[in-house]
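Here is a short report on one protein model. Keep the structure open as you read, and find each residue as it comes up.

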Amino acid sequence: MSDGGSESSPKSVTVADVQQLVKQKDAIEAQIKAYFDILEGQNKAGMEEPLVDIEGYPRTDINVYEVRTARHNIICLQNDHKALMEQIEEALHQLHEHDREKHRLDEAEAHQEVMEQENSVPSAFAKIDTVSPGSPANTSGLQVGDEIIEFGSVNTRNFQNMQNIATVVQRSEGKPLSITVIRNGQNIHVNLIPQRWSGRGLLGCNIVPLQN
């Protein structure tokens with residue numbers, strides 16, 4: 001065992017713990033009320049009424065032993081009640097503090113996830129400059145302003161120049177070409193089939209490199 005093995009970390013307070021303390025409090029309050037009812041039944045002896053008559057003899061109109069026992073138990077229970085209320089207050093404080101800390105951790109985790117997602121999104125290497133009506137690019141759904149992050153086998157990591165895209169286009173004539181673009185902050189996937197049409201080229205759009 002390590003040197004710190006005998007030290008146990010404080011147990012986290014749960015809602016169930018607080019509920020259990022409240023049940024104990026309610027039980028003590030019920031006991032206190034029951035003993036006060038006993039005093040009330042003893043000619044309303046209460047907590048302060050004398051237990052002897054004016055001549056100093058035990059009162060005969062009440063059960064002195066029963067009244068003394070009830071008073072003693074009430075005092076003990078009231079002390080227990082006070083200590084329990086302090087426990088409940090401390091437990092509620094710990095519970096609220098735990099909730100605040102959990103909220104802070106959740107926010108920090110959410111922020112970290114957003115940052116990781118932002119960092120994991122590859123930057124675009126080219127942009128759609130123009131799209132001709134009726135062209136393969138237009139039919140596929142490509143729009144002016146779309147920023148390209150993947151064009152077939154070409155992506156941000158291996159893109160060198162526009163010849164890379166031209167080579168992919170020539171090799172993919174008549175075949176579906178997977179393209180991923182950034183549009184309005186979202187990744188959009190389209191399938192483009194490079195092919196002959198009434199206009200120039202196989203795409204019908206102009207692609208320009210982005211300056212990093």
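Ser-172 sits in the loop between α4 and β4. The model is a predicted one. Is Ser-172 buried or exposed? Ser-172 is buried, because its relative accessible area is 11% and the cut-off for buried is under 20%. A polar atom of the Ser-172 side chain lies 2.8 Å from the backbone oxygen of Val-168. Leaving aside residues up to four places away in sequence, Ser-172 touches Leu-177 and Pro-194.

Now step back into the helix. Four residues of α4 are buried: Asn-164, Ile-165, Val-168 and Val-169. They cover an arc of only 135° around the axis, so they lie on the same side of α4. An α-helix has 3.6 residues a turn, so residues three or four places apart point the same way.

What do the buried residues of α4 pack against? They pack against the strands β1, β2 (147–151), β3, β4 (177–183) and β6 (205–209). The face turned away from the buried side carries the exposed residues Gln-170 and Arg-171.

The N-terminal end of α4 has a cap, Asn-161. A side-chain oxygen of Asn-161 lies 3.0 Å from the backbone nitrogen of Gln-163.

## Strands that pair

Next come the strands. β1 and β2 run antiparallel, joined by 2 bridges. Ala-126 stands opposite Ile-148 in β2. β2 and β4 also run antiparallel, with 4 bridges between them. Here Glu-150 has Thr-180 in β4 as its bridge partner.

β2 and β3 are joined by 2 bridges and run antiparallel. Phe-151 is partnered by Val-154 in β3. These two strands, β2 and β3, form a hairpin with 2 residues between them. Gly-152, in the turn, has a positive phi of about 65°.

## One aromatic pair

How many aromatic pairs does the structure hold? There is 1. The ring centres of Phe-125 and Phe-159 are 4.5 Å apart and their planes are at 25°, so the pair is stacked. The cut-off for stacked is under 30 degrees.

Phe-125 belongs to the loop between α2 (64–120) and β1 (126–131), and Phe-159 to the loop between β3 (154–155) and α4 (162–171), so the pair ties together parts that are 34 residues apart in sequence. Phe-125 is buried, with a relative accessible area of 2%. Phe-159 is buried as well, at 17%.

## Salt bridges

The whole structure has 10 salt bridges. Three of them are listed here.

| Pair | Closest N to O distance |
|---|---|
| Lys-25 and Glu-29 | 3.3 Å |
| Glu-173 and Arg-196 | 3.5 Å |

Lys-25 counts as buried, at 15% relative accessibility. Lys-25 and Glu-29 are 4 residues apart in helix α1 (residues 15–41), so about one helical turn separates them.

Glu-173 forms its salt bridge with Arg-196. Glu-173 lies in the loop between α4 and β4 and Arg-196 in the loop between β5 (186–192) and β6, so the pair ties together parts that are 23 residues apart in sequence. Glu-173 is partly exposed, at 36%, whereas Arg-196 is exposed, at 63%.

Shared partners also build one network of salt bridges, made up of Glu-97, Arg-100, Glu-101 and Arg-104.

Conventions. Residues numbered from 1 in each chain as written. Predicted model: local features only at pLDDT ≥ 70, side-chain atom pairs only at ≥ 80, totals over all residues. Heavy atoms only, no water. Phe/Tyr/Trp six-rings, centres within 6.5 Å; stacked < 30°, edge-to-face > 60°. Buried < 20%, exposed > 50% of the residue type's maximum accessible area, 1.4 Å probe, protein only. Arc of directions from axis to C-beta. Contact = heavy atoms within 4.5 Å. Polar contact = N/O pair within 3.5 Å; in protein donor to acceptor, adjacent residues only side chain to side chain. Pairing = 2+ DSSP bridges. Salt bridge = Lys/Arg side-chain N within 4 Å of Asp/Glu carboxyl O.
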